[in-house]
Amino acid sequence: MVRERRKRIYRKRIPYGMQNFEDVIKEDCYYVDKTPFIEDIEDSNKYFFFIRPRRFGKSLTISMLENYYDINKKDKFDEIFGKLYIGENPTPEHNSYLIIHLNFAIIVGDLNDYKHGMDNYCRTQFNYFVDVYSHLLPEGTKEGLNQQEDAVNQLNYLCTQSKKSGQKIYLFIDEYDHFTNQILAHKEHEQRYRTQTHGEGYLRKFFDTIKGAAGDTLARVFVTGVSPVTMDDLTSGFNIGTNYSLAPEFNEMTGFTEDEVRDMLGYYSSVLPFNHSVDELIKVMKPWYDNYCFSAACLSSKVRVFNCDMVLYYLRNYMDDGKSPKQMIDPNTKTDYNKMKRLLQLDKLDGNRKGIIRRITEEGSIVSNLYETFPASEIVKPEYFPSLLFYYGMLTIKDTFGDQLLLGIPNNNVRRQYYGYLQEQYQEINHINLNEFGYMLTCMAFYGKWEEVLGFMSKAYAEVASVRDGIEAERNLQGFFMAYLYLSSYYITAPELELNHGYCDFFLLPDLTHYPTKHSYIIELKMLPAKDFEAKAEAQWQEAVEQINRYAAAPRIEVLRQGTTLHKIIIQFAGWEMKRMEEV
């Protein structure tokens, strides 16, 4: 059978996973123009620190800047930047620097001997630098470079040689905190971290060298990472840099604004047959990928940022299949999440930090100060932990609270990670067969068979709660149910949804973009101490009936249930034991 070929329609490529800016432009990919930020960067401190979560466009931003400032690409300026903002509004500094690019994530070596790995990596990068700029450097520079014993001396040497020839260097360091993250993911290496970043440590000495050359041959330095931890430990080694991570003018430098996503969807829907309008696609994507705010000063503007990697992942899948991907979270980010999880565990989370994660998971937010930098030794302290979560993209700025900030879960993508942490804790105490549980969730969604799955969860909760101290609090009950209900692909599980001037415990909203779910649910969980149950149970039950009926009568319900059969379920507990479960 001959496969019928589809007629190819021309459209710009989606730059999913691409980090080389020149390739993005030359291969006619869709590029969200971030070049206006070049002017803001030039107006800022010449030694620029910028922290953003993983897969948020940092590396492509660095590549864009490298192409703009590289003296070797002066003849390609119009070809690369001609159609972009900065191509029409170039600054005097374009194509005027020699570029050194160091990506510390590429450094390979035993954590016992970080110097060896760093020296090998830098030797390769510095030799490449000499090769591409040999026509601008003094004769014999390469031979002299390879006579230097290590990366620190080589960097010093290159700065001296560049100065002799009247050239300026723009140094880019991507993932400068990679060493920190590796060390902190393994608590037994904590002392090695301190050795490298304090006193005469090699990493500190390397940044001392940068400081010594800054303002002379090293005219500009641009450093990115995912946390500001190393920055604090290296402060006395490199205290000339400015951290712009929380600056409002750079809030949208990486990631996509809603307008940028709309423009992208508008372009592709104009050249390809789309099954949904731009508004419909935005409505699906926003709860999963949007709502990042990196500066309290931007709260009033209402401008929020999408995770750009997730947007491109979604669009690529939608264009292939004409519908939303079954997995709204990019599977390729699993490695990043595992790295983050190891960091957040810090070997074993102590009780206070476990409590912070549980509180955020159950309440969706936490009031905290946001620290711009803090030493690695301090991240075990609960007051710094929310800031670490913020920099990893696990929290975002939601509002102000006096002189503090309300930090909250940005979207469903991140919320799933929090519930994953809770699940792991619960599974260690009482393992639930998730295949069996998944089958029951399917029967609940398609056939309205809710008794089995909710009864199963109530029993599992009792087994977990019976071996934990203080688990009887209603919040912990809700957290347990939320952690497992969120496994369902058939629903967007909305906790504490406002309905008719009240907040229901759970609304299982049908997610019809993926499956033809037939049933939706409002679930109310009620708990009394075991000693008070007999005396107060009936009154509490009647109160719950009145509440759930009021929620179900809300005008929004008809829209939210989307034609599915709505069930109103109350479950009542005496301590950790389920006593009554009925549909009202």
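Five strands build an open sheet of mixed pairing, in the order E11-E12-E13-E14-E15. Strands are DSSP runs of E with at least two residues, helices are runs of H or I with at least four, and both are numbered from the N terminus. Two strands count as paired if DSSP finds at least two bridges between them. The model is predicted: local features need pLDDT of at least 70, side-chain atom pairs count only at pLDDT 80 or more, and totals for chains, interfaces and linings use all residues. Residues are numbered from 1 along each chain as its sequence is written, and side-chain values use heavy atoms, with hydrogens and water left out.

The edges of the sheet are strand E11 (491–499) and strand E15 (577–583), each of which pairs on one side only. On average, neighbouring strands are turned by 25 degrees against each other, direction ignored. Axes here are lines fitted to C-alpha atoms, for helices over the stretch in contact; angles run from 0 to 180 degrees between N-to-C directions. Strands E12 (residues 502–510) and E13 (residues 519–528) run antiparallel and are joined by three bridges. Leu508 stands opposite Tyr521 in E13. Helix H20 (residues 434–447) lies across E11, E12 and E13 and runs at about 120 degrees to E13.

The largest nonpolar core holds 105 residues. Such a core is a set of buried Ala, Val, Leu, Ile, Met, Phe, Trp, Tyr and Cys residues joined through side-chain atoms within 4.5 Å. Buried means under 20% relative accessible area, exposed over 50%, and partly exposed in between (1.4 Å probe, protein chains only). Leu102, Phe104, Phe206, Phe222 and Tyr418 have the most contacts inside this core. Its largest share, seven residues, comes from helix H6 (residues 114–132). Leaving aside neighbours within four places in sequence, Phe222 is in contact (heavy atoms within 4.5 Å) with residues including Ile41, Phe48, Tyr170 and Met253. Another core, of 37 residues, lies apart from the largest one and includes Met457 and Tyr486.

Helix H14 (residues 278–289) has twelve residues and reaches 16 Å from first to last C-alpha, close to the 16 Å expected at 1.5 Å a residue. The expected span is 1.5 Å times one less than the number of residues. Leu281, Ile282, Val284, Met285, Trp288 and Tyr289 are buried in H14. They share one side of H14, because they cover an arc of only 165 degrees around the axis. The arc is taken over the directions from the helix axis to the C-beta atoms. The buried residues of H14 pack against helices H13, H15 and H19 and strand E7.
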